[in-house]
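Hi,

Here is the structure I promised to pass on. Have a look first, and then read on for what I found in it.

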Amino acid sequence: MKIDPDLKLQILEKVGIYSSRFSIPEPHVLLTTREVLEMPKEITTGRRTSAHKYYGVSYLQHNLVFINVKKIPDEKTLENTIVHELIHMRFPYLSHGKRFNKLVRRGLHGKTFPSYQKRK
Ligand SMILES: [Zn+2]
């Protein structure tokens, strides 16, 4: 997709909405590979020059998310990518798989999750 100020605003709004539904602090959002490369190396280490290959990348330790708008083909994939990355932030111990995908689907359908810290 082509990034413009409207799309940027739309993405940040969605990130805000889903962050509050998932009870996570709103992450800082990067929208271009250029922004990823401009971040200090210690933050993006491991997913820096390879970031362009993915629709999205979470830098969990730093509450930072990269949404690769340029690579994302359509609005549906965009929404999916946002939710995918935020599910990583809400469920940091969970790796990709059936359970992860189920949580993404639930998130897309408007499910709210209580905060991670509050759970025992
Ligand atoms: Zn992932």
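Before the details, one term: a residue counts here as buried if 20 or more other C-beta atoms lie within 10 Å of its own, and as exposed if 12 or fewer do. Please also keep in mind that this is a predicted model.

Let me begin with helix H1, residues 5-21. Ile11, Val15 and Tyr18 are its buried residues. They fall within an arc of only 75° around the axis, which puts them on the same side of H1. The face of H1 turned away from the buried side carries exposed residues, namely Pro5, Asp6, Leu9, Glu13, Gly16 and Ser20. And what covers the buried residues of H1? Strands E1 and E3 are included, along with H4 and helix H5 (98-108).

The length of H1 checks out too: at 1.5 Å a residue, its 17 residues should span 24 Å, and the end C-alpha atoms are 24 Å apart, which agrees. After the helix comes Ser23, with a positive phi near 55°.

Now to the sheet. It is open, has 3 strands in the order E1-E3-E2, and its pairing is mixed. Strand E1 (28-30) and strand E2 (56-59) are the edge strands, each pairing on one side only. On average, neighbouring strands are turned by 20° against each other, direction ignored.

E2 and strand E3 (residues 64-67) run antiparallel and are joined by 4 bridges. Within this pair, Tyr59 stands opposite Leu64 in E3. The hairpin they form has 4 residues between the strands, and Asn63 takes a positive phi there, near 50°.

Helix H4 (residues 75-90) packs on the sheet, where it touches E2 and E3; the direction of H4 makes about 20° with that of E2.

One last point, on E2: are its faces covered or open? Both are covered, with Gly56 and Ser58 buried on one side and Val57 and Tyr59 buried on the other. In a regular strand the side chains alternate between the two faces of the sheet.

Best wishes

Note on methods:
Residues are numbered from 1 along each chain as its sequence is written. This is a predicted model: local features need pLDDT of at least 70, side-chain atom pairs count only at pLDDT 80 or more; totals for chains, interfaces and linings use all residues. Two strands pair if DSSP finds at least two bridges between them. Helices (H or I, at least four residues) and strands (E, at least two) are DSSP runs, numbered from the N terminus. Axes are lines fitted to C-alpha atoms, for helices over the stretch in contact, and angles run from 0 to 180 degrees between N-to-C directions. Two residues are in contact if their C-beta atoms, placed from the backbone, lie within 7 Å. The expected span of a helix is 1.5 Å times one less than its number of residues. The arc is that of the directions from the helix axis to the C-beta atoms.
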